[in-house]
Amino acid sequence: MSRRLARLRAFGVRIAIDDFGTGYSSLAYLRTLPVDVLKIDRGFVSRIEERQDRALFRAVVELARSMYLQPVAEGVETTGQASVLRELDCGLAQGFLFARPMPADALPAVLTARAPASS
């Protein structure tokens, strides 16, 4: 599997580990698979406003960065969670706070509606 992923990366495809911190995700994957992005499971994000959970999330973000991976927070649903993510310098996030799942052809209209006005 590692060779296949490496070949995909050679074509410019970015590889992500999804739902990191749950199930079969493992620290071993971080050093054995050629990945670019670490998507941190929503279970960490849902409690990020609590001090102990914030510390754990911060540690996962720092781990990702130390391995030259882009951290992405999954399951962001509140402005409070988004605020903490900004404090922790986790610049990429996904979740219902930003948009609900939608068909691909609906995305351009959403992006246009949210684009800043040009001067």
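Asp 89 sits in the loop between helix 5 and strand 4. In this predicted model, its phi is near 60 degrees, a positive value in a residue other than glycine. Asp 89 counts as exposed, because its relative accessibility is 53% and the cut-off for exposed is over 50%. Tyr 68 also has a positive phi, about 60 degrees, although it is not a glycine. Look for Tyr 68 in the loop between helix 4 and strand 3. Tyr 68 is exposed, at 77% relative accessibility.

Asp 89 has a charged partner. Side chains of opposite charge can pair when their charged atoms come close. Asp 89 forms a salt bridge with Arg 65, and the closest N and O atoms are 4.0 Å apart. This pair links distant parts of the chain: Arg 65 belongs to helix 4 and lies 24 residues from Asp 89. Arg 65 is partly exposed, with a relative accessible area of 29%.

A search of the whole structure finds 8 salt bridges. Another of them joins Glu 87 and Arg 54, at 3.3 Å from N to O. Here helix 5 supplies Glu 87 and helix 4 supplies Arg 54, and the two residues are 33 apart in the chain. Glu 87 is exposed at 54%, while Arg 54 is partly exposed at 23%.

Now turn to the sheet. Strands of a sheet pair through backbone hydrogen bonds, either parallel or antiparallel. Here 4 strands form an open sheet in the order 1-2-3-4, and the pairing is parallel. Strands 1 and 4 stand at the edges with a single partner strand each, so one side of each has no neighbour in the sheet. Strand 1 and strand 2 are paired over 3 bridges, with Ala 16 opposite Val 37 in strand 2. Strand 2 and strand 3 are joined by 4 bridges, and Ile 40 stands opposite Ala 73 in strand 3.

Which way do the side chains of strand 2 point? In a regular strand the side chains alternate between the two faces of the sheet. Val 37 and Lys 39 point one way, Leu 38 and Ile 40 the other, and all are buried.

Lys 39 is buried, because its 18% relative accessibility falls under the 20% limit. Its salt bridge is with Glu 74, where the closest N and O atoms are 3.7 Å apart. Glu 74 lies in the loop between strand 3 and helix 5, so the pair ties strand 2 to a part of the chain 35 residues away in sequence. Glu 74 counts as buried too, at 5% relative accessibility.

What about nonpolar side chains? The largest nonpolar core has 24 residues, and Leu 38, Phe 57, Ala 73 and Leu 85 have the most contacts inside it. Strand 1, strand 2, helix 3, helix 4 and helix 5 each give two or more residues to this core. Helix 4 gives the most, with 4 residues.

Some nonpolar residues face outward instead. Leu 8, Phe 11 and Val 13 make a nonpolar surface patch of about 320 Å². Phe 11 lies in the loop between helix 1 and strand 1, and is exposed at 74%.

How far can the details be read? The mean pLDDT of the protein chain is 88, and 94% of its residues reach 70 or more. Confidence is highest in strand 3, at a mean of 96, and lowest in helix 2, at 78. Where pLDDT is low, the predicted coordinates should not be read in detail.

Definitions and conventions:
Residues are numbered from 1 along each chain as its sequence is written. This is a predicted model: local features need pLDDT of at least 70, side-chain atom pairs count only at pLDDT 80 or more; totals for chains, interfaces and linings use all residues. Side-chain values use heavy atoms; hydrogens and water are left out. Patches are made of residues with over 30% relative accessible area and no salt bridge: like charges are joined within 9 Å, nonpolar side chains (Val, Leu, Ile, Met, Phe, Trp, Tyr) within 5 Å. Accessible areas come from the Shrake-Rupley method with a 1.4 Å probe; for residues, only the protein chains shown count as cover. A salt bridge is a side-chain nitrogen of Lys or Arg within 4 Å of a carboxyl oxygen of Asp or Glu. Buried means under 20% relative accessible area, exposed over 50%, partly exposed in between (1.4 Å probe, protein chains only). pLDDT is the predictor's confidence in each residue, from 0 to 100. Two strands pair if DSSP finds at least two bridges between them. A nonpolar core is a set of buried Ala, Val, Leu, Ile, Met, Phe, Trp, Tyr and Cys residues joined through side-chain atoms within 4.5 Å.
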